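This briefing is intended for readers who have the sequence and the model at hand. The points are grouped by topic.

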Amino acid sequence: MPETNAASPTLTTETKHYRNDVVLVICHGRLVAGSEGILYTTVHQLIPTKKRIILDLADLQHTDSLGLGTLTRLYVSAKSAGCSLELMHLSKQIRHLLGLTNLFEVFTVIAESGVKFI
């Protein structure tokens, strides 16, 4: 039988505000079932007042289908409110999931190859 981690999935976020209504949300941990509400709540409350929200996923260790669904829900909410939701610093695992689901065509991925984001 496979070994399971008894600890609950943990996701934390840091929010940094920049000029021109730009917000950077830095994600740490695992975006999986049980933790997706943390990201959703953090970002969803920013959507009405910001024009551009960037999710920094450099320290995101893993995501599952619920995490991917949360990113998609946030994208749709942002777009309908006239807000841009962008991703940066994608791990191999997240790149793979976005590729499998054809979501690379939906999300804007920024700050690749040293390009400045602000």
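**Salt bridge and lead points**

Arg52 is partly exposed, with a relative accessible area of 21%. The model is a predicted one, and Arg52 takes part in a salt bridge with Glu86. The structure also holds one aromatic pair, and its largest nonpolar core has 28 residues.

- The structure holds one salt bridge.
- In this bridge the side chains of Arg52 and Glu86 meet at 2.9 Å, taken from N to O.
- Arg52 belongs to strand S3 (residues 52-63) and Glu86 to strand S4 (residues 84-88), so that the bridge links distant parts of the chain, 34 residues apart.
- Glu86 has a relative accessibility of 9% and therefore counts as buried, the limit being under 20%.
- Arg52, at 21%, lies above that limit and is therefore partly exposed.

**Aromatic pair and charge over a ring**

- Tyr75 and Phe107 form the one aromatic pair of the structure.
- Their ring centres are 5.4 Å apart and their planes stand at 65°, so the pair is edge-to-face; the reasoning rests on the cut-off of over 60 degrees for that class.
- Tyr75 is part of helix H2 (residues 65-80), whereas Phe107 is in the loop between helix H3 (92-100) and strand S5 (108-110), so the pair ties together parts that are 32 residues apart in sequence.
- Both partners are buried: Tyr75 has a relative accessibility of 18%, and Phe107 has a relative accessible area of 5%.
- Another ring, that of Tyr40, has the charged end of Arg73 over it, 3.9 Å from the ring centre.

**Nonpolar cores**

- In soluble globular proteins, nonpolar side chains tend to be buried together.
- The largest nonpolar core comprises 28 residues, and those with the most contacts inside it are Leu39, Val43, Ile53, Leu55 and Leu85.
- At least two residues of this core come from each of strand S2 (22-31), helix H1 (36-44), S3, H2, S4 and H3.
- Helix H2 provides the largest share of this core, namely five residues.
- Leaving aside residues up to four places away in sequence, Leu85 touches Val43, Ile53, Leu55, Leu71, Leu74, Tyr75, Ala78 and Phe107. Tyr75 and Phe107, among these contacts of Leu85, are also the partners of the aromatic pair.

**Cysteines**

- A disulfide is a covalent bond between the sulfur atoms of two cysteines.
- A search of the whole structure finds zero disulfides.
- Cys27 counts as buried, at 1% relative accessibility.
- Cys83 also counts as buried, at 6% relative accessibility.

- Thr70 is located in helix H2 and is buried, with a relative accessible area of 2%.
- Apart from residues up to four places away in sequence, Thr70 touches Glu36 and Tyr40.
- Ser35 is found in the loop between S2 and H1, and its relative accessibility of 0% places it among the buried residues.
- The C-alpha atoms of Ser35 and Thr12 are separated by 8.8 Å, while the two residues are 23 residues apart along the chain.

**Loop residues and backbone angles**

- Most residues other than glycine have a negative phi, and most peptide bonds are trans.
- Asn20 has a positive phi of about 60° although it is not a glycine. Asn20 lies in the loop between strand S1 (11-18) and S2 and is exposed, with a relative accessible area of 64%.
- Asp21, not a glycine either, likewise has a positive phi of about 60°. Asp21 is in the loop between S1 and S2 and counts as partly exposed, at 34% relative accessibility.
- Val106 is in the loop between H3 and S5, and at 33% relative accessibility Val106 counts as partly exposed.
- Val106 and Val76 are 30 residues apart along the chain, and their C-alpha atoms are separated by 10.0 Å.

Definitions and conventions: Residues numbered from 1 in each chain as written. Predicted model: local features only at pLDDT ≥ 70, side-chain atom pairs only at ≥ 80, totals over all residues. Heavy atoms only, no water. Phe/Tyr/Trp six-rings, centres within 6.5 Å; stacked < 30°, edge-to-face > 60°. Helix = DSSP H or I, 4+ residues; strand = E, 2+ residues; numbered from the N terminus. Buried < 20%, exposed > 50% of the residue type's maximum accessible area, 1.4 Å probe, protein only. Lys NZ or Arg CZ within 6 Å of the ring centre and 35° of its normal. Salt bridge = Lys/Arg side-chain N within 4 Å of Asp/Glu carboxyl O. Disulfide = S-S within 2.5 Å. Core = buried A, V, L, I, M, F, W, Y, C linked by side-chain atoms within 4.5 Å. Contact = heavy atoms within 4.5 Å.
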